[in-house]
Amino acid sequence: MTPLWIGFAVLLALALWFLVLPLRQSRRLHDTLAEDEANDTAAEQNVAIFKRRMASLDAARERGDIGEAQYEEDRLELERSLLDDTRRLSHRPLGKATAGRIAVPLVMVGVVLASVLWYQQQGAEGDLALYAVQQEVQNDPEGSLATYLERMEAQAESQPNNPNVWGELFPLYRQTNQPEKAADALEHLIELEGREAPLLAQLAQIRFFMADRELTDEVQSLVDEIRQKDPREPTMLGVMGIHAFENGDYEAAIDRWRRAVANVQNPDTVESLKQGIEVAQQRLGIEPDAADGAGHGVSVKVALDDSLRDQAPDNATVFITARDLEGEKPPLAVVRTTVSALPETVTLSENDAMSPQASIAGEDSVRLVVRVSPSGQATPQPGDLFGDVDNVSVGALEDSDTVDVTVNRVFK
């Protein structure tokens, strides 16, 4: 953090120098103005012009060109004009060159105080402290999870309104098997960040396991709220799948876990969900391969057009989707990967279905859509990249040819 504070000090010193600069030039400016006023001959010139005009006016009266009344009127006009010109040329006395010096240090102090107060309110001093803690623990050969947790708890006491503190704390508590503290930390985070569906889903998951996998009134209330905000929230679907499985409703568990798979980014979580689906299918008394039609589907090779490479970060999510040709059903199969893995060949089968009612195994032909989403959102967003192929035959994977799909367009 030291280089940052040095940078702040340099910038502040530069700002103060600009404040002092007019004061340093005040003596020279005062002398220049005084000299200009001393050499100003505008008043003398106006008086000379007035005298010439009066002489012309007197001569016109003597010649009889104008009467006495006209003479008096023109004379008054000339005198009035001279007074106006003289008034405009008058100057207030110059102040001293040192006048107002006391205001400069006061302004300088005000700038320093305002800068400090502004940074305390709007700056990221708290996040810098968190970063320093992380670096200290990582660089300490004897650093441990317990040490990191202790330091983060100290940060929570010193900056309780920083959401990043609680965002670090609640997974640490979960890793150290302290679910009650994890739930409290998550509730602090929700108070600061708002009741967002992913945060509520994490809280529902923790409370669900704390209640020995029982769907308590509190958990059910959270689930209902999440469903209103985002019915596809994967953590909530995973919890509901576990509840259905524990109660012997294996078909419901399979349905919820399949929908969760379509929206989960973590590959380890995806694998766990698929294993749960297989176990649930076995409990139903059917072989997972036969139930899923794992040997029936489409093989797809996905590539990204070179012209769009700069628009797709390596960590951007890639959705590979099979849809019915009429576009009336939910996605028949969905597989997720990342741009860094492209080009990549994947298979779409009933294993990848989002719902038992919409499966690739029930179609003869499908439309393949590949979408690159930098935001990771399941719903298409402007700026996403995509490519598609229509009328792709569905058949036995071992006998089917691989279909090439190139991402070569931008979604608007």
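The model is predicted, with local features needing pLDDT of at least 70, side-chain atom pairs counting only at pLDDT 80 or more, and totals for chains, interfaces and linings using all residues. Residues are numbered from 1 along each chain as its sequence is written, and side-chain values use heavy atoms, with hydrogens and water left out.

**View 1. The cis peptide bond at P343.** L342 and P343 are joined by a cis peptide bond, with omega at about -5°. Most peptide bonds are trans, and most residues other than glycine have a negative phi.

**View 2. Two residues with positive phi.** D212 is not a glycine, yet its phi is positive, about 55°. D212 is placed in the loop between α10 and α11. With a relative accessible area of 65%, D212 is exposed. Here buried means under 20% relative accessible area, exposed over 50%, and partly exposed in between (1.4 Å probe, protein chains only). N391, also a residue other than glycine, has a positive phi near 55°. N391 is in strand β6 (residues 385-393) and is exposed, with a relative accessible area of 56%.

**View 3. The largest pocket.** This pocket has a volume of about 640 Å³. It is lined by 29 residues, and those closest to its centre are P234, T235, A260, N263 and V264. Two or more lining residues come from each of α10 (197-210), α12 (234-246), α13 (250-261) and α14 (267-283). The largest share, 5 residues, is from α12. By class, the lining holds 11 nonpolar, 14 polar and 4 charged residues. Ala, Val, Leu, Ile, Met, Phe, Trp, Tyr, Cys and Pro count as nonpolar, Asp, Glu, Lys and Arg as charged, and the others, Gly among them, as polar. A pocket is found on a 1 Å grid over the protein atoms alone, as an open set of points where a 1.4 Å probe fits, with protein on both sides within 12 Å along at least five of seven lines; lining residues have an atom within 4 Å of a point. Grid points are joined across faces, edges and corners, and a volume is the space filled by probe spheres set on the points.

**View 4. The second largest pocket.** Its volume is about 480 Å³. Among its 20 lining residues, T321, R323, R371, A378 and P380 are the closest to the centre. At least two lining residues are supplied by each of β2 (317-323) and β5 (365-373). The lining divides into 12 nonpolar, 3 polar and 5 charged residues.

**View 5. R371 and its surroundings.** R371 belongs to strand β5 and, at 9% relative accessibility, counts as buried. Its side chain makes a polar contact with the side chain of D384, at 2.8 Å. A polar contact is a pair of N or O atoms within 3.5 Å; within protein, one must be able to donate a hydrogen and the other to accept it, and residues adjacent in sequence count only if both atoms are side-chain atoms. Leaving aside residues up to four places away in sequence, R371 touches several others, including T317, F319, A378, P380, D384 and F386. Contact means heavy atoms within 4.5 Å.

**View 6. Aromatic pairs.** The count of aromatic pairs is 4. The rings of F245 and W257 have centres 5.8 Å apart and planes at 35°, so this pair is tilted. F245 is in helix α12 and W257 in helix α13, so the pair ties together parts 12 residues apart in sequence. F245 and W257 are both buried. F386 and F411 form an edge-to-face pair, 6.5 Å centre to centre with 80° between the planes. Rings of Phe, Tyr and Trp (its six-membered ring) pair if their centres lie within 6.5 Å; planes under 30 degrees apart count as stacked, over 60 as edge-to-face and the rest as tilted.

Notes
Helix = DSSP H or I, 4+ residues; strand = E, 2+ residues; numbered from the N terminus.
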